Each structure stands twice: as C-alpha cells, then as structure tokens.
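Student: I should like to learn how to read the features of a structural model. Please take me through them in turn.

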Amino acid sequence: MKAETRDQVLEADLARYVRQVMFRGLDEAGQRKLFASSVVLVGCGATGSMLANHVGRAGVGHLRIVDRDVVELNNLPRQILYDEQDVAEGAAKALAAARRLRQINSTLKVETLLVELHSGNVLDLIRNADLVLDASDNFATRYLLNEACIELGIPWVYTGVIASYGMSMPIIPGQTACLRCVLGPEPPADAVPSIYTEGVIGPAVAAIASISAATALKLLAGTEPVQQRLVHIDLWETTFDVLDVGPPQPDCPACGRPRRYEYL
Ligand SMILES: [Zn+2]
C-alpha cells in the first residue's frame, strides 16, 4: 500500500477510536500499538465473550479464539456474544463469536480454532502472540498456559470467576511472579469450587473480565508499566481487594532456575 493511502486508512481508523485516543493512558501511540497487536484468547464462554468484546471493539489487530464448545441455552444469561439463534443452530462458540465480532468491528481479523488446548499444541497456538488471555474454566489449562507463556516470554492475564466473585492478575515472564509462584501447586480439581457446583452471575463475569480487559489494553499499548496485582472482587458482597503478590519465587518449577516444567 502506498504510504499516502496507508495514512488515510490510519486516519479513518483513528476517527473511530477518537475517545480512546483522547484517553491519556492510551493516546495515539497506544492506539497504534493496539492496531498492530495480536491476541490469543483461550476459551470463549462468559469470560471469553467479555474479553473478546472489549479487545475487539478497542481495535486490536488480530484475535485468535481457541474454543471447541457449542452455544447452549444456559450460556445466554452471561455469554454476551451469543443469542438464541446461536443456540438453535448449535453453533460453535468460536465461530459464533467471530461472526458477531466482525459485525461489531469489520477491521478486526478474527481467527478461530475449534480445538482443546493441550501440551502438544499450546506452543504453536500462542507463538507470535503479543498477549494471551486466559478465559478457561480449569486450573490444569491455566498452569499449562503459565508454562507455555514463560517458555515463549509472552505476557498473559489470568481471570477466574465463580458465583459472584473472581480474580484477575497479569503475569509478565521475566518481570513478575507467575501463576505457580502465587498459587503454589495446582489444587485438585475436586477440591476447588466451580461454576458447575456454585453457579455464576453475569455481573461478576462482566466486572472481573473488564478488569482483565483493561489490563490487556495497558499491556498492549505499552504506554505505562503494568504492576502485578491480584484483584479479588465480590459483586454480591460489594468487596474489592487488591493484593501485592510479591516477587517471583526463585525455586518455582515454572519460572525459577532451572525450570522444571510440570505441564508443558
Ligand atoms: Zn513462578
């Protein structure tokens, strides 16, 4: 593309994002970084829908959605990208999300992968990403993502929501503590609550995923350093806690030296 034409396209794009460009935390430089950025979203249920909605509308250039589920009726109270038509069609979430996101923002390049993330494909699925967003529903996947992101030096954002509460935390390999540093060994699956035992409400997902989405924009824009803090909020109790999680643990098997990966 000729330089002049390219500039005209960029000016048109910037008109769309004028309110973000006016925001001092992003500015035009940050917005241009968003245009050029590539994000991988792991899971596209409630949290994933909210994250994709935010980063897709905000102008990230490329979004890869990894999810193999189909849309079900009981998803609709909180999974904001889907509707009754998707349920009737038994649509794959990744495909339905991509269709909706293209309606919202036709400049967004969306890629869909209807696969389950595992140790054999995770590196290929996230390689070359600027950021990985965790919207999975289990700790085994998150611990695997943690190691894969450390291996490739890719920042990622952890988001977990159950019932009316949840947590959000950025992890920047080489700079911050990792998920394994902060949470210790993976808890047994039957020892942790889940939405399948405790349920979940939409406002909790929206609030916590929005915190993660704002962190994602800040990481991608690169205009200011991102501090690692664990945010825990409960929408029903109306509590909001921000915790400093401390430095990386030197003996952490995932990010310490030597590395002793347990999942990858
Ligand atoms: Zn660690």
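**Reading burial, strands and contacts**

Tutor: Helix α11 is mostly covered, with 14 of its 20 residues buried. Buried denotes under 20% relative accessible area, exposed over 50%, and partly exposed in between (1.4 Å probe, protein chains only). Helices (H or I, at least four residues) and strands (E, at least two) are DSSP runs, numbered from the N terminus.

Student: What conventions apply to the model?

Tutor: This is a predicted model, in which local features need pLDDT of at least 70 and side-chain atom pairs count only at pLDDT 80 or more, while totals for chains, interfaces and linings use all residues. Residues are numbered from 1 along each chain as its sequence is written, and side-chain values use heavy atoms, with hydrogens and water left out.

Student: What span is expected for α11 at 1.5 Å a residue?

Tutor: The expected span of a helix is 1.5 Å times one less than its number of residues. For α11 (residues 202–221) that gives 28 Å, and the helix reaches 28 Å from its first C-alpha to its last. Gly222, with a positive phi near 65°, follows α11. Helix α4 (residues 46–58) should span 18 Å, and its end C-alpha atoms lie 19 Å apart, which agrees. Eleven of the 13 residues of α4 are buried, including Ala46 and Leu51.

Student: Which residues of β5 point one way, and which the other?

Tutor: In a regular strand the side chains alternate between the two faces of the sheet. In β5, Trp156, Tyr158, Gly160 and Ile162 point one way and Val157, Thr159 and Val161 the other, and all are buried. Strand β5 (residues 156–162) is therefore largely enclosed by the rest of the structure. Two strands pair if DSSP finds at least two bridges between them; two bridges join β4 (residues 131–134) to β5, and these strands run parallel. Leu133 stands opposite Val157.

Student: How far from Arg78 is the nearest side chain of opposite charge?

Tutor: Lys and Arg count as positive and Asp and Glu as negative; His and the chain ends are not counted. A salt bridge is a side-chain nitrogen of Lys or Arg within 4 Å of a carboxyl oxygen of Asp or Glu. Arg78 is buried yet has no salt bridge, and Glu72, the nearest side chain of opposite charge, is 8.6 Å away. The side chain of Arg78 does reach the backbone oxygen of Asn74 at 2.9 Å.

Technical notes. A polar contact is a pair of N or O atoms within 3.5 Å; within protein, one must be able to donate a hydrogen and the other to accept it, and residues adjacent in sequence count only if both atoms are side-chain atoms.
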